[in-house]
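Open the model in your viewer and keep the sequence panel beside it. The stops below are given in the order to select them.

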Amino acid sequence: MERKLNRGVYAAVGVVVLLFAGLVYAWSVLAVPIAEEFTQASQGSLSLTFTMCMIFFCLGGFVGGLLNGKVNVKINVWVAAVLFAAGFFIASRATSLTGLYLGYGVLAGFGSGLAYNAVMSTMSSWFPDKQGTISGVLLMGFGLGSFIIGKVYQALTPAGIGGWRTSFLVMGAVLFAVLAVGGFFFVRPPKGYRPAGSVEPDADASKSRVPAAATVDLTPLEMVRKPSFWLFFAWAILLSAAGLAVIAQGTGVVGQVGAGAVDAGTTATIVGLISIFNGIGRVIFGGLFDRVGQRPTMLIVDGAFFVSVLIVIAAIVLSSLPVLVAGFICCGLSYGGITPTNSAFANAFYGSAHYPVNYSIVNLNLIFASFGGTLSGMLFDASGSYLSTFIALLVAIAIGTLCTVLIKK
């Protein structure tokens, strides 16, 4: 297949697969009609479904990395398709939170992680010359999936108690079909593949269009012994937690700034801007990594995120909705710089030989970062204002910037 299709086709397939696999991030939208039926469940216990989904997403990516090279990557994609179908079926039949935890949290989360690792390790291997850019393009699909498909779910879910169950059945079937067909396109490039227009690594570096890669390939065990790994891991946790906190509390912030004068549809649109610009930011910062390298890119992400949070704080203090919209757009763009940097960093610092496992280990930061929304909610409960949450985010970003400065290759 690699002789008949150009690498752009593989990238397009990767974006489509991640667009659907990223649906699991739309939990806040999917959960609205579920909460109307499960009235006995607290918000915290219902939110645990998404936390479990994120944990098993990370575990699925890690297992996918371990199986890379041992099992044909197509098998990983097809297993993910089965897990999605089974997960959404079980969730659609759930009569208790246990069913949601198992179906959506465990099975769908694990399937999403498998698919995610398969796309990032396979499709990005066709772009050794543009690791940052391809990571950004692929991850744009993953980021926009929750917004686009979440909106479709919102529009098509039948009104009334239990209408979400039919939507879950349909989504499970669609996810299965997309991944089952997409799996056929998971083909690795020939060994030693170099894209047209690039030169061999031992040629004059000034003439090469391929950015400098790691001088050695480190195993996962060697990678986790490096101070650079732990500094980057801390950076990813702090900034990802900040981004997830903004997403988790976005609706509440609009309510505080708008003082109850903003309807539900407008609120959803304003908060949705974070996801839209998060997807755009992934492409922008992924390309920036290829152009200027690791440290400048991370410092720009740090600075942009810091300024974005300051804008949101100004919106809260001034009770200005237009300023808040600008702040959410900036937060989305800044948060979008984290995920492509994770991918490009793992490849540039530790090599491509063990990239599938190394990248999945770097991605484990999401397990810890996923509690960012919970902690921000606790700060609001304690203070009665989201101002305390965003002041805490400034501290987290400042510490992350210190980690950026200390990273040495």
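Is N117 buried or exposed? N117 counts as buried because its relative accessibility is 3%, where buried means under 20% relative accessible area, exposed over 50% and partly exposed in between, with a 1.4 Å probe and protein chains only. This is a predicted model, in which local features need pLDDT of at least 70 and side-chain atom pairs count only at pLDDT 80 or more, while totals for chains, interfaces and linings use all residues. Residues are numbered from 1 along each chain as its sequence is written, and side-chain values use heavy atoms, with hydrogens and water left out.

Stay on N117, which sits in helix α5 (residues 97-123); helices are DSSP runs of H or I with at least four residues, numbered from the N terminus. Show its contacts (heavy atoms within 4.5 Å). Neighbours within four places in sequence aside, N117 touches G61, G64, G65, P356 and S360.

Next, select helix α6 (residues 131-156). Its 26 residues should span 38 Å at 1.5 Å a residue, and the end C-alpha atoms are 37 Å apart, which agrees; the expected span is 1.5 Å times one less than the number of residues. Centre on L144 to see a kink of about 40° in α6. The bend at a residue is the angle between axes fitted to the seven residues ending there and the seven starting there.

Now pick R165 and E37. They form a salt bridge, with the closest N and O atoms 2.6 Å apart. A salt bridge here is a side-chain nitrogen of Lys or Arg within 4 Å of a carboxyl oxygen of Asp or Glu, and the count by this rule is 1. R165 lies in helix α7 (residues 163-182) and E37 in helix α2 (residues 27-37), so the pair ties together parts 128 residues apart in sequence. R165 is buried at 16% relative accessible area, whereas E37 is partly exposed at 25%.

Move to T341 in helix α13 (residues 338-350). T341 is buried, with a relative accessible area of 0%. A polar atom of the T341 side chain lies 2.5 Å from the backbone oxygen of G337. Leaving out neighbours within four places in sequence, T341 is in contact with F232, W235, F289, T297 and M298.

Finish at F328. Within the largest nonpolar core, which has 116 residues, F168, F328 and F390 touch the most other members. Such a core is a set of buried Ala, Val, Leu, Ile, Met, Phe, Trp, Tyr and Cys residues joined through side-chain atoms within 4.5 Å. Beyond four places in sequence, the contacts of F328 include V246, G250, V253, V254, I270, V271, I274 and V312.

Conventions: Helix = DSSP H or I, 4+ residues; strand = E, 2+ residues; numbered from the N terminus. Polar contact = N/O pair within 3.5 Å; in protein donor to acceptor, adjacent residues only side chain to side chain.
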